[in-house]
Amino acid sequence: MASIELVDVSQSFDKNTIIPRLNLKIEDGKFTVLVGPSGCGKTTLLRMIAGLDRQTSGSVLIGGSDVSAIAPGQRGVAMVFQNYAIYPTMSVRENIEFGLKNNKVPKEERTRLVESISETVGLRPYLDRKPSTLSGGQRQRVALARAMVKKPSVFLMDEPLSNLDAKLRVQMRVELIELHKKLGSTFVYVTHDQVEAMSMADTIVLMNQGEIQQEASPAEIYREPDNLFAAQFIGVPPMNVGDMGQDGVRFGFRPEHGLLSTEPADAHFTAKGVISTREMLGSETIYQVRTRDHSFMIKCTEDLFSVDQDIYLSVDESKLFLFGADDKRIYRD
Ligand code: ATP
């Protein structure tokens, strides 16, 4: 069992409160992604779980036991960072073996482990190479393999893909999902990239300013955001938001749910506007539509309109969200 529980934890540095008071349960064997804007406290939480920083108050439980007083090396967790620590002068094999040698694991057992793990992460043909002769993705796999030899029940990853180029990042995301399936261990992954979170997570924990905004599956957080922050953080382009002109209530709709036509439509929400920008992305086109009071981004699968064209925008009632003055979602019957 390697579930993780944060019970009433808080973290302050030099009297600055970074995490006010937070409760979180991370399920055993799940791929959980902590996502949120830069500085919201994701790394702080991860370091607390790893034991690299002691929380100011509250407890950290791993597998049901309070590990607050237990040293990082004894917590059964492995951490993989953005700037992965691999030794340039050692071969891939030596890098992977390093922790095992330190722990006095016998040679035969070491060789067996290194070979099976390098097979899992696709490094078998590269075992005798130096890291400088590997690609960025391969080096990242060496870092993963180094973490894996310790057979941790929890992997903590802090933006491990952010140094890779866009194409490799997409490939490594798929590899990490597969690795998670193979290992069946608990993955806690930190990123500020909502696309990464959406594509990899079983559960997304969305944070802002040290607080959890919403905890849900990617599909749920997208379809049923609890508040304005969740609505606008998840989704590209972000949800359109407009003022209702009464008591601070705002409406919102996703760019793909706005319909454009040259004739007025019979819908709950309609507005007359003009196309102010057009961005053709291949399979879809993103238009910016200026109405009297707002500017909205609309995602269309067809490229039918041009800049400066007069247009009618409509949104089906079922696709409209409402948010109160406190930014919380107002649920309708
Ligand atoms: P990013 O996506 O940019 O990595 P993050 O969400 O991981 O951001 P944290 O690294 O957890 O954010 O930092 C949260 C806040 O805590 C920041 O304002 C940071 O400056 C502060 N902070 C983190 N560690 C320390 C420390 N050891 N001493 C003082 N302040 C710290």
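How many bridges pair S15 with strand S16 (residues 295-300), and in which sense? S15 and S16 pair in the antiparallel sense over six bridges.

## Model and confidence

This is a predicted model, in which local features need pLDDT of at least 70, side-chain atom pairs count only at pLDDT 80 or more, and totals for chains, interfaces and linings use all residues. Residues are numbered from 1 along each chain as its sequence is written.

The chain averages a pLDDT of 92 (the predictor's confidence in each residue, from 0 to 100), and 98% of the residues score at least 70. For the complex, the predictor gives an ipTM of 0.94 and a pTM of 0.90. Where pLDDT is low, the predicted coordinates should not be read in detail.

## Ligand surroundings

The residues around the ligand are Phe-13, Asp-14, Ile-18, Gly-36, Ser-38, Gly-39, Cys-40, Gly-41, Lys-42, Thr-43, Thr-44 and His-192. A residue is near a molecule or strand if its C-beta atom, placed from the backbone, lies within 6 Å of it. By class, this shell has three nonpolar, seven polar and two charged residues; Ala, Val, Leu, Ile, Met, Phe, Trp, Tyr, Cys and Pro count as nonpolar, Asp, Glu, Lys and Arg as charged, and the others, Gly among them, as polar.

The largest share of the shell, three residues, comes from helix H1 (residues 42-50). Helices (H or I, at least four residues) and strands (E, at least two) are DSSP runs, numbered from the N terminus.

## Helix H1

Eight of the nine residues of H1 are buried, so the helix is largely enclosed by the rest of the structure. Among them are Lys-42, Thr-43 and Thr-44. A residue is buried if 20 or more other C-beta atoms lie within 10 Å of its own, exposed if 12 or fewer, and partly exposed in between, with C-beta atoms placed from the backbone. Just after H1, Gly-51 takes a positive phi of about 90°.

## Strand pairing

Two strands pair if DSSP finds at least two bridges between them. Strand S14 (residues 269-280) and strand S15 (residues 285-291) run antiparallel and are joined by seven bridges; Val-274 has Arg-290 in S15 as its bridge partner. Their hairpin has four residues between the strands, and Gly-282 there takes a positive phi near 105°. A hairpin of three residues then leads from S15 to S16, where Ile-298 is the bridge partner of Tyr-287.

Elsewhere, four strands form an open antiparallel sheet in the order S11-S12-S18-S19. Its edge strands, S11 (240-243) and S19 (329-330), each pair on one side only. Strand S12 (residues 250-253) pairs with strand S18 (residues 321-323) over three bridges, and Arg-250 has Phe-323 as its partner in S18.
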